[in-house]
Amino acid sequence: MNLLWSSTFTAALGKLSPQEQKQVKLTATDLLFDPKGNGLQQHRVEAAPGFWTVRVNQDVRIVLHKQGEQTLLAYVGHHNDAYRWAERRKLVPHERTGAMQFVEVIDSETDFGRERMTCRGYVDLPQGQTLLLEPDLPQRPFAGLGEDQLLDVGVPRDWLGQVRDALSTEVDELFSHLPAEAAEALLDFATGGRLEDHIAQRAEPGADPFAHPDAQRRFRVLDNIEELRAALDQPFEQWAVFLHPVQRALVERAWKGPARISGSAGTGKTIVALHRAAHIARSDPAARVLLTTFSKPLALALERKRDVLTAAEPELRARIVVRPLDQAATELYTRAFSQPNRATEAQVRAAIAEARKTGLGGALGEAFLFEEWTELVDAWGVADAESYATLPRIGRRTRLGPQQRAAAWGVFAYVREWLAQRRLVTWAAIYGALTDWLERGGDLGFSHVVVDEAQDLSVAQVRFLGQLGKGRADALMLAGDVGQRIFHLPFSWAKLGLDVRGRSHCLKVNYRTSHQIRVAADRLLPPAISDMDGIEDGRRGTVSVFDGPEPLVSLADDAAGEQQAVADWLRECLSEGIEPHEIALLVRSEAQLARARAAAKAAWLDPYNAQGVAVMPMHGAKGLEFRAVCVMACDEDILPDPARLAAIGDVAELEAAYETERHLLYVACTRARDRLLVSGLAPGSEFLDDFKP
Ligand SMILES: Nc1ncnc2c1ncn2[C@@H]1O[C@H](COP(=O)(O)OP(=O)(O)OP(=O)(O)O)[C@@H](O)[C@H]1O
C-alpha cells in the first residue's frame, strides 16, 4: 500500500485542539501499520466516491481517499465538517496538465457566487434609494479568457464558467476554491501579468498524476514510519513537505557555476536554500554542506528549520552544518593559522583618528578614510603604496587624484602598523587570508556552501566565496534580494570573482505576506532593481497566496497621540486572536525603542503581559516574520536616518545610502503576514508618500 499525505490534511490538523491532534497522530500511525484499517472503524462516504472516514474519537474523523493500493490522508475535522468536506470534493487528474487535483463541487446554494451583487458598486442614499456608481461597477476580469487558456493554467473544467463569470469583487473568494496553480495564474493576470507565463507542464500519457510538479506541491508519498512520524510531529510546516514547482526545480537543478536565487521578501528563498542543502546531502553521501547566513539569530532560525526538514534523516542532519559566516570563517582561520585576535570597528576608527592627529591624510575626512579602508584597502588586503596607487577603486564613486591617494596611503600605512603592533586582525584580513589559503589549495572541509541573505555580504566575504565557488560547478548557491540590502553599499560581485550571471533565478510566489501588504511595500521600491553586475530582479508578476486587510498609515501630532494609536491597534490585534508573540513593533534605531515600549505598555493593563511582543530595531527583524507588525516612529527626521547620511564620507555615495534606508523600511514592512500599521509623527517620513496608494 502507498500512503500519501495532502496539504489539506496538514492545514486541517492545525485547526484541532492539541489533545485531538494527539489522537489523530495515533490513528494515522495505526493506518500505516494496518493499511486496510481492519482494526479501525472506517465508513464509505456515500455521496463522494473514493472517500472514506476513519474514526479518531467520538467526534473527530480523518477523511481518506482510497484508489487501488493508494490511500491518501485528505482531511481531518469534526464529524459533520469532515463529511461535508468530502462530499464536496473529487480527486481527479486535470484533463490538460495531468496533475492530480482536489476539485470542489460547485454548490450555488451555499457556496461561491451566493453573495453576488451585494457589492461595492452601490451606495445607500439618505432617503434609502440606491445609486449605481458607474466607475466602481465591478468588472469580470476573466470574461475574455478562452477555454484553452484557462485549462492551460490548471483551472478544472467544472470551474470554467465560474471563473469567466466572477466579478472583480469576488476573485479573492474564487481563488480560495481553485487549485493553487490556477489561482496564482489568475491573480497575476488580474493584476497586470500574463497568463502565458503560467502555462503548466503537461504530463506524458500514462504518467503518475501525483508525480506532476503541480501535484507535488499538495501531495507527498510517505515511504516509511519515520517519515510519517516526522510529518505528524511537524504538521504545520508546510514548507518542509510541499514545494512550489519552481522552488523544487531550483533545488534539484545542476548548475555550471555559482547560482543565485532572488525574489522579493517572503517568496521562499530561505526555504529553497534549506532544501538545496538537504538535496545535496541526500544525493551525495560524501557531501558536507555549510549552510550559512550573516547573523547568529538567523543561523539559529536556519538550524531549527534544518532539524525540521531532516527529522526523519539524522544522518543527513549531521552533514549539514549551520553557522553564521563569520563564525565559520573564524573556525577555519583558527584551523588554518591560529585563533584570530579581532580588531573592532572602534579600534580602526581610533587608529585613523590618531593618524590624522599626527598630520597624515591631508584634507580627507575621517569618515571618508574609514570607508576607503573598509571597502577597499582592508577588503582587498592592499599592503603597499604602489598597489594602492594602481588599484581599481571598485565600488567607490569619488575619484581620487595621485596626491590624494598618497595622502590617504599615509593613514592606511599607519593603521596597518597600529594593528600589527597589537597583533589585531580585521574581518577583512581574516577573509583575505582565507581566500589566499583556498587559492593555494587549503581544504575548506565542506564540499558545498549555501548562503542565505546574500545581499548583505561584505566585499571581503564575496571575494572569499568567489574563490570557494571556483572549485566545482555547483559548489555554491546564494539566496538574497537586492531590494533588502541594508548593511552595505552596492558593489560588483563579478569583479570580485563571484559571477552568477546567467545563473540567477527569481521566485515569484509570496507565501508570507498578504496581497495587500505586499503591494503597498512593493511601492517603496522600483519595479525592477539591477545589481552592480546588471542582473535585474523584477518584482512585477509576484503574487501572494492569501489576502488580508489593507495596511494602515497613522500619523499623529505628538508622541502621546502615536502611542495611543498604536496601543489601540495592539488591542485590536489581540481581540482578533493574534497572540502577543506573533506581534512586532519595529523602529529605525535603538533611540526610538522607548517609544515602542511605551505603546506596548499602554495597550495592556498589566505591563508584564506586554513582554511577549517583540520590540526591536528594523535591522534586527531581517529574516523574521510576524502575524502583525507596526513600524513605529517613521518621522520625517528619523527615516531616512540623518546620522547615517551625515556619516557618509563620500558624498557620491549619498544616493546609495539613501536607497539603503528605503530598503530598511521595505524589510520592516514585509515582516508582516496579516496586519501592518505604519505610524509616526506628522508629516511623516518622505518614504511614506510612496507607500500610500
Ligand atoms: N513551498 C512553501 N509552502 C509553504 N510555505 C512556504 C513555502 N515556501 C516558503 N514558505 C513560507 O513563506 C514564508 C517566507 O519564506 P522565506 O523566509 O523562505 O522567504 P524569503 O524569500 O527568504 O524571505 P525574506 O527575503 O524576507 O528573508 C515562510 O513562512 C515560509 O515557511
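Predicted model: local features only at pLDDT ≥ 70, side-chain atom pairs only at ≥ 80, totals over all residues.
The protein chain is assigned five segments of architecture, listed here in order. Domain 1 covers 2–99 + 205–233, and domain 2 covers 108–198. Domain 3 covers 243–337 + 430–543, domain 4 covers 345–424, and domain 5 covers 549–691. The centres of domain 4 and domain 5, taken over C-alpha atoms, are separated by 37 Å.

An open sheet of six strands was identified, with mixed pairing and the strand order 2-3-4-5-1-10. Strand 2 (42–44) and strand 10 (219–222) are the edge strands, each pairing on one side only. From one strand to the next, the twist averages 30°. Within this sheet, strand 4 (residues 60–67) and strand 5 (residues 70–78) pair in the antiparallel sense, over eight bridges. Strands of a sheet pair through backbone hydrogen bonds, either parallel or antiparallel. Helix 2 (residues 18–33) lies across strand 1 (2–6), strand 3 (51–55), strand 4 and strand 5. Helix 2 runs at about 30° to strand 4.

Strand 6 (residues 89–93) and strand 7 also pair in the antiparallel sense, here over five bridges. The two strands form a hairpin with six residues between them. In the turn, G98 has a positive phi of about 85°. V92 has Q101 of strand 7 as its bridge partner. K90 stands opposite V103, again in strand 7. Strand 7 (residues 100–104) is mostly covered, with four of its five residues buried.

L187 lies in helix 7 (residues 180–190). With 22 other C-beta atoms within 10 Å, against a threshold of 20 or more, L187 is buried. Neighbours within four places in sequence aside, L187 is in contact with F175 and V543. G401 is 214 residues from L187 along the chain, and the C-alpha atoms of the two are separated by 55 Å.

Backbone geometry was examined next. Most residues other than glycine have a negative phi, and most peptide bonds are trans. R423 is not a glycine, yet has a positive phi of about 55°. The place of R423 is the loop between helix 19 (402–421) and helix 20 (427–439). R423 has 9 C-beta neighbours inside 10 Å and therefore counts as exposed, the limit being 12 or fewer. E453, likewise a residue other than glycine, has a positive phi near 60°. E453 is found in the loop between strand 14 (448–451) and helix 21 (459–469). For E453, 26 other C-beta atoms lie within 10 Å, so this residue is buried. Thus R423 is exposed, whereas E453 is buried.

The bond from L639 to P640 is cis, with omega near -5°. P640 sits in the loop between strand 24 (626–631) and helix 25 (642–646). A cis peptide bond also joins A682 and P683, with omega about 10°. P683 lies in the loop between strand 25 (672–681) and helix 27 (688–691).

Definitions and conventions:
Residues numbered from 1 in each chain as written. Pairing = 2+ DSSP bridges. Axes fitted to C-alpha atoms, helices over the stretch in contact; angles between N-to-C directions. Contact = placed C-beta atoms within 7 Å. Domains from an automatic or database assignment.
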